[in-house]
Amino acid sequence: AFPYIGKGSDVTLEANPVSVPSTKSSKIRRSMLRWIVGCAPSNPRIPRDRVGTNLPPTILPNPLDPLSPNKDKAVHYLDLANQKAIRASAMNESHQYFLAAMALLDDLPDDDANRRRRIGLLANQVPALILLMRFHEHQELFLKHQAVAERLADADLLGRMYCCIGHFPWWLGRFDEAIDTLSRAVTWCKKSGNVEALGRSYVMLIWANLYIGELARAIELCEPARRATEEARDLRYFVWGVTGAAWALALQGKWDVAESQALGALERAEGLGEDTMASFAAFIVAIPNIMKGDHAKAIAYGQKSARYAVTPADQAWSQSFLCWARCRAGDVAGSLDIQHVMVEANRAAHFRWGEALFGLNLGDSLRLAGRNEDARRTFEAALAVAKGEADFNFPSITGGRLLIEAGRVRPIAVSTAKRTALMPDMPTLH
């Protein structure tokens, strides 16, 4: 957990919680509770007049009752409610339904039908766990069910499970492993015709290739990702895919093209009222503007991203880029502490890409503040994270290509020949 970063351009640090206690979230919870109770068998021990009140997330209605004899049907309703909450970006609520459904499945027979239900339920959780920054907590559970899916030898389940499993090495910075697993997912999804998992696998391949500097490959994958996510009506991964390719274009120096592509994703998310996706797209719009020195526009889109931020990940990513844009514009006061918090948040979540990237951004901000020794140490720490994994060529993402030597930051060649770093070098420390 990390401090809640207030929405909007005037950022303050407050104690607790890890998600935004918004009116929208309360409305979604009430809607979920009404919907579940409306579908579930009646239970006289839970008065219907309690449904629709602002219940704590741990007080769940009828289908979650441990004394209910109909656990099979309860799992079904919880699964549906979980999916509905994820689509509504009510990630804390979705996680409650997921945990409750998995607990009930523990009490049901361990047969192939329920194993399939478990795998299906797990496969739906990836975006929620990412946006809650709790992805690393469930790795063992996913790996356990990978073996189950392989024993069942079902092409659809294998495609979905390899897609999910491929997110873990991506999160932890093992990008070659992620590309291998996600490529297997693509193969199985094509065999089974699972277009949703196919689109998600393509999208994560975009991001994994982006992170190792394979920019042309990341851009090339955008079209199949776009087709699959549009066919599946999967707006979240559509936005993630288009914006990932936009970042790759920005790293190639095609700033206007990158901005236009990210703006298209932002407009679609805004048009559908999807705040968390609009938040993500908006900070991607800010990136090419930071790169080309249009700090006013970068700050404006960073502020928009922060206003839309709903989940812990939205808050961390939007605030990090907003603060970096402000520092680049010369407004260092107040931004450094927030950037420190965001680096720690990504470290706590074991999100190695975020820890290294935001560490480099923080180091650049410290340099701009004239704190060269602090900047040197921060750069060193960020690059140590990047070098902690054999296939983590992090400088290619930031365009920094940095080396710490005798208190100076100097450009160096990329260590692996197949990887490229096409962005201009970041300024040196003097």
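Modeller: Before we start, a cavity here is a set of points on a 1 Å grid over the protein atoms alone where a 1.4 Å probe fits but cannot get out. The model is predicted, with local features needing pLDDT of at least 70 and side-chain atom pairs pLDDT 80 or more, while totals for chains, interfaces and linings use all residues. Residues are numbered from 1 along each chain as its sequence is written, and side-chain values use heavy atoms, without hydrogens and water.

Colleague: Thanks! What is the volume of the largest cavity?

Modeller: The whole structure holds three cavities of 30 Å³ or more. Volume is the space filled by probe spheres set on the grid points, which are joined across faces, edges and corners. For the largest cavity that comes to about 120 Å³.

Colleague: Which helix gives the largest share of its lining?

Modeller: Lining residues have an atom within 4 Å of a cavity point, and Met204, Trp207 and Tyr211 are among them. Two helices (DSSP runs of H or I, at least four residues, numbered from the N terminus), α9 (195-211) and α14 (275-291), each supply at least two lining residues. The largest share, three residues, comes from α9.

Colleague: And how many of the lining residues are nonpolar?

Modeller: Ala, Val, Leu, Ile, Met, Phe, Trp, Tyr, Cys and Pro count as nonpolar, Asp, Glu, Lys and Arg as charged, and the others, Gly among them, as polar. The lining includes Ile130, Phe283 and Trp353. It has no polar and no charged residues, and the nonpolar ones number eleven.

Colleague: Which residues does Trp207 touch?

Modeller: Trp207 lines the largest cavity, and it is one of the residues with the most contacts inside the largest nonpolar core, which has 125 residues. Such a core joins buried Ala, Val, Leu, Ile, Met, Phe, Trp, Tyr and Cys residues through side-chain atoms within 4.5 Å. Counting contacts as heavy atoms within 4.5 Å and leaving out residues up to four places away in sequence, Trp207 touches Trp170, Trp240, Gly241, Thr243, Gly244, Trp247, Phe280 and Ile284.

Colleague: What is the relative accessible area of Phe351, which pairs with Trp317?

Modeller: Of 22 aromatic pairs, theirs is tilted, at 6.1 Å centre to centre and 55° between the planes. Rings of Phe, Tyr and Trp (its six-membered ring) pair with centres within 6.5 Å, and planes under 30 degrees apart are stacked, over 60 edge-to-face and the rest tilted. Buried means under 20% relative accessible area, exposed over 50% and partly exposed in between (1.4 Å probe, protein chains only). Trp317 is buried at 3%, and Phe351 is buried at 1%.

Note on methods
1 Å grid on protein atoms, 1.4 Å probe; cavity = no way out; pocket = protein on both sides within 12 Å on 5 of 7 lines; lining within 4 Å.
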